[in-house]
Structures are given as structure tokens and as C-alpha cells.
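Hello,

Here is the structure I promised to hand over. My notes on it follow below.

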Amino acid sequence: MKRVAVVDYGMGNLDSVARAIEECGGRPIVTDRAEDIESATHIVLPGVGAFGDGIRNVRQRGLDQILREQAVVGGIPFLGICLGMQMLATRGHEGGVTEGLGWIDGEVRRLEPAGEDSRVPHIGWNEVALTRPSTLFTGVDSGHDFYFVHSYHLVCHDKEDVLAVTPHCGGFVSAIARGRIFGVQFHPEKSQRLGFQVLRNFLAL
Amino acid sequence: MPKIRVMPTLLFKDVGLVKGVAFDSWRRVGSAMQAVKVYNLREVDELVYLDITATNDGRPPDFETVDDLADECFMPLTVGGGVRTVEHVRRLLKVGADKVAINSAAVEHPALIREIADRFGSQCVVVSIDARRRSDGTYESYTHSGRRPAGRSPAVLAKDAEAMGAGEVLLTSIDRDGTMQGYDVELTRLVSDAVSIPVIASGGAGTYAHMAEVLRDGRASAVAAASMYHFTEQTPLAAKQHLRGAGFSVRL
């Protein structure tokens, strides 16, 4: 049984993520305790909210160090969802400039409407076009719809980190990967069948 | 541009789901849990769940019920009714809501929109506006389930809400609600043109053609409906098939 630490930093839809992991055959533990994270086989960093608040909450709980040791140094499979992916960046520009966790070389910037019908926030189902193959998307063809709800996006400086893009506001990065560190801008826990496929692929790592 | 969204609305009153006409004459239409399970199986785009008596009864949201429903809901869920504080929002998001709809509190304490947006992000704040057409053809917004005039037009209210950080507008025509005579396209257009955030049209859907009309002429980003799913054989899936045929980009 996969023991999945769903990192609780006081923000986000933790129950939804935990329930989806359960449905996908994992055993979720919603936690901010070092021993739970250290004993997990997989780590998920969910998130709904503002970048600055998110990072502050993560740091206040000392989670930045623990997560870095497990995921970056230890190679434990890690999945950031929405804000949880954005926080991996070098810095964010939501409500002032805030240093991110810095695992992924990039910046989090506001989506800029391009054309009449690119409303912001970007809310709803949109296509995820894979830019390279990845085990995270095994069984999921390029171009399928996933559920998004966000106003900011991650601009990757290193194109090697990009896994998928989505055509809104001129196109933005909707999935990233560096080794066993993954991030998705969409919400797999709310994307029904295909979202569950992504979660199962992650749990199979 | 994301796909247009077709979303069933579930109205909760006392013990179960209801549907009325013009915010009145409520009929019982079954259990909320049953509806959530069915819509989950059918993979609808999104669900809206509104507790329509919470504010008038002076109650906070029923967190336990939302928790139970959200556990069966692997699609986006917007929850409204009785939401008056940042703490209410925190708890609703924690138990599984993705977005929170505020109506009366957004009119009485507009700063609440800003507080929620700052803390949880704009994308989870849905400002719900209930509007009625005046005899002179202009519109008035209402709070408290259509009981109290807000003293502002829906377009102004929506624009103010957007400036405070709202991420989406759920716009309901009280006149059309439950009539299945079609959305108020003019109202929807007025509000869609006033803001750059997505607008969900609600109130009056009776046919798939009504949906196409409000998406095209009202410039809505999403269509909410209840009566046509409760009282006719029409389904969200068939709605999307129709809309695809009409040239809209949908998720099938």
C-alpha cells in the first residue's frame, strides 16, 4: 500500500485530494508532521490560494526543509498540484515578489488575457497538450481536457522541465517534471476519470 | 479558451433538494447525495450546490453535509448559502468545496470578497447575483434568496465584485427561474460585457437551444440549469452534444 503524505500547510482542498488518492488505491495521510512525511512513499503538495501566503505557511511549519530532503535529495516521488506546483518556482509575483521553494527554475506570473475570450481566472476544462512522453501521463493521450481554476501560471526558464502546455492566454505550462518531481496546474482530483489516471500513474512510481 | 461548462444546480432546503419558480413554490426533487452520485457517474463538468435558506434562517453553512457530499464528488463543486466569514470559506474549502458562492454577504460586506481572495485566491470566490427586471427595463439585484433589493444593478455589483477580487459571477434571473422559458440573455450580456471574469448564466433554461443562445448572445462562459434536468428527460451530456453541434467547444 502506498502511504501518501498530503501536505497540510493550512490552505487548500486537502480532503478532495485525500479522497481521490484513496479512490486510486493509495493511503493518504493529511499531515504537517515531519515523521509522517519522512515515512511516506509519495508526497503530494496540494494548494488553493495566494503564492505569498502559501510559501509563508510552508516555511513557518518548517516544511520547506523536510520536503526538500525527501523529494529533492531523497528522490521520493512528489506531486505539486496547482499552487503546490507554482510554489516550486524560484519566485512568485502574486501580491508582491516572494521567493519560492526554488526547485524549478522559473517565475509565477499572472495570466494576461490574449484576445477577447481569454477570461482570467482561467476556470474550467481545457486541453493538456503533452510536449514529451512521461510516465505521469501513461494512458492519457495528448489533448484531453482537465479541470483548471487559477489566475497565475508557472513560466519555466528551463524548457526541459515542461511536460505539457495548455492553450489559454497565449499558452501556459500545465505540467512539469524534473526527475521524480512532478507538478500539474490542473486539478487531477477534480478531473474525474483522466485525473484519476494521472494520480494512479503517480502512485505507481 | 476553456470549454464552455454545463453545470447542474442543486438547491438544498431543510432536508433535501428542491426546485421552485421565481424563487418560490418549492417542489421536492430528491436527496442531495443521490444527485451528487448520479452526476458524478455521468461526469458532469461542475456542480453548484446552494443552501437557499441558510442566510434567511441566520445559519452558517452545514459543513458536515458538504463534507459528505464532497466525498462523493470528484468534479468541481461550488458551495453557497450562509457564507458570511473567511472562516466559513476556510472550512468549506477544507471539507472539499472548490469554490464558494457568496451573495448576501458580498452586498453587505464587499470587503469580504477581498479578504477571501487575498487568503485563498480569486479563483475560489464566486459572487452570486440574483436579479429581477424592473418595469422600466433596468435590473435590480437582490439578496436573501430574492427577498431584499440590494439597491444596485447587477452589472455594477459584478464590476465592483471583480474589482474586489471575485473570480466568477453566478448570475441568476429571478424572473426566469424555474420557468424553463429561456435565460435572460439581455441581463447576461449586460453583466458579461461589464466584467472580464467568467459569468455563469442561470435561471430559465428549458432547452439546449436556450443554452446556445445565452452562450452566444449573452457571452456567458457557462450555463447552469436545474428544472430541465429535474423535470424533463434532458441531460447535461445531451446538452453538450447539442452545443458541440452548434459550434461550441465542449468537453465530451
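**Notes on the model**

Strand E1(A) is mostly covered, with four of its five residues buried. Buried means 20 or more other C-beta atoms within 10 Å of the residue's own; exposed means 12 or fewer, and partly exposed lies in between, with C-beta atoms placed from the backbone. Helices (H or I, at least four residues) and strands (E, at least two) are DSSP runs, numbered from the N terminus.

This is a predicted model, in which local features need pLDDT of at least 70 and side-chain atom pairs count only at pLDDT 80 or more, while totals for chains, interfaces and linings use all residues. Residues are numbered from 1 along each chain as its sequence is written, and chains are lettered from A and ligands numbered from 1 in the order in which they are written. The model scores ipTM 0.88 and pTM 0.92. Chain B averages a pLDDT (the predictor's confidence in each residue, from 0 to 100) of 95. In chain B, 100% of the residues score at least 70.

**Chain A: the sheet**

E1(A) runs parallel to E2(A), joined by five bridges. Two strands count as paired if DSSP finds at least two bridges between them. E1(A) also runs parallel to E3(A), here with three bridges. A:Ala5 stands opposite A:Ile29 in E2(A), and its bridge partner in E3(A) is A:Ile43. E1(A), helix H1 (residues 14–23) and E2(A) make a right-handed β-α-β unit. Right-handed means that, with the strands pointing away from the viewer, the path from the first strand over the helix to the second runs clockwise.

The whole sheet is open and has nine strands, in the order E2-E1-E3-E4-E13-E12-E11-E8-E9 of chain A. Pairing is mixed. Its edges are E2 (27–31) and E9 (144–150) of chain A, each pairing on one side only. The twist averages 25 degrees from one strand to the next. Axes are lines fitted to C-alpha atoms, for helices over the stretch in contact, and angles run from 0 to 180 degrees between N-to-C directions.

- H4(A) (residues 63–73) touches E1 (3–7), E3 (42–45), E4 (78–81) and E13 (181–184) of chain A, and its direction makes about 140 degrees with that of E3(A).
- H6(A) (residues 192–203) touches E3, E4, E9 and E13 of chain A, and its direction makes about 90 degrees with that of E9(A).

Contact means C-beta atoms, placed from the backbone, within 7 Å.

**Backbone points to check**

The peptide bond from A:Val120 to A:Pro121 is cis, with omega near 5 degrees. A:Pro121 lies in the loop between E7 (104–110) and E8 of chain A.

A:Cys82 is not a glycine, yet has a positive phi of about 55 degrees. A:Cys82 sits in the loop between E4 and helix H5 (83–86) of chain A. Buried or exposed? A:Cys82 is buried, with 28 other C-beta atoms within 10 Å.

B:Asp14 also has a positive phi, about 60 degrees, and is not a glycine. Its loop joins E1 (5–13) and E2 (16–21) of chain B. B:Asp14 is exposed, with 11 other C-beta atoms within 10 Å.

**Chain B overall**

Chain B has ten helices and twelve strands. Of its 252 residues, 58% count as buried. The C-alpha trace spans about 45 × 45 × 40 Å along its principal axes.

Best wishes

Note on methods:
Two residues are in contact if their C-beta atoms, placed from the backbone, lie within 7 Å.
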